[in-house]
Amino acid sequence: MSDTSPLDVLVIAPHPDDAKLGMAGAILKFKAEGRRVGILDLTSGEPTPHGSPEIRARETATATAILGVDWRENLGLPNRRLEATLDARAKLANVFRRTRPAWLFAPYWVDAHPDHVAATELVEAARFWSKLTKSDLEGEPFHPRRIYNYYCVHLKLTPQPAFILDISAQWEAKLAAIRCYESQFITGRPSDSPTFLDQLRDEAAYWGKAIGTRYGEPFTCREPIGMSSMGSLV
Ligand SMILES: [Zn+2]
């Protein structure tokens, strides 16, 4: 992970399992297309009922290997107390200037989890700061082209996504990556049906059905979405 060439995609996650839950299928697709993909976790995600910093680090490393991402770091902001402070904004803007991603992926902006809401606010503010000249930030000004939003929501929402990605071919690998987070999704959860993993499959099948495929992943964006060709329509 010492390659310093710009990333195509940077996924920002409040906690180390959010990127996998929300968009492991898209990450696997980006990698299959030869894109450079990074994941930035904002916090360690600890404490949790069945995790520890050591367990979480091990689980994150295993899941990262399955996804094959090019770059992964943790910004070290406080879990459960994540706030879009000026200091956090500068730290994140510095990461954007260093990794120079074309596209950012942030959590959906409506959520019951305050860390998730703060994460989205922080990404939007840091994207703006990253382009400023005459600032005391590190490196050269840089403006990521777009922020897209993935759904990893602690709220019983009925999302209205801007688009749904067909992840039928990536579903099993996505599930394998999510299973790595045993302390979060398996340990201590009810084992009778439907399990948490069953529900994830049902959700992915629901989104797939909406576009006529087996499995799908929903996304949205505050800004219009540009396409370079019509070739990807399903
Ligand atoms: Zn989270």
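Two strands count as paired if DSSP finds at least two bridges between them. Strands (E, at least two residues) and helices (H or I, at least four) are DSSP runs, numbered from the N terminus. The model is predicted: local features need pLDDT of at least 70, side-chain atom pairs count only at pLDDT 80 or more, and totals for chains, interfaces and linings use all residues. Residues are numbered from 1 along each chain as its sequence is written, and side-chain values use heavy atoms, with hydrogens and water left out.

Seven strands form an open sheet with mixed pairing. Their order is β3-β2-β1-β4-β5-β7-β6. β3 (71-74) and β6 (163-166) are the edge strands, and each pairs on one side only. From one strand to the next, the twist averages 25°. Strands β1 (residues 9-13) and β2 (residues 37-41) run parallel and are joined by five bridges. I12 has L40 in β2 as its bridge partner.

Helix α1 (residues 18-32) touches β1, β2, β3, β4 (103-107), β5 (146-150), β6 and β7 (216-220). The direction of α1 makes about 100° with that of β7. Helix α4 (residues 114-130) packs on the sheet and touches β1, β4 and β5. The direction of α4 makes about 155° with that of β4. Axes are lines fitted to C-alpha atoms, for helices over the stretch in contact; angles run from 0 to 180 degrees between N-to-C directions.

M227 lies in the segment after β7. M227 is exposed, at a relative accessible area of 51% (exposed is over 50%, buried under 20%, partly exposed in between; 1.4 Å probe, protein chains only).

Terms used. Contact = heavy atoms within 4.5 Å.
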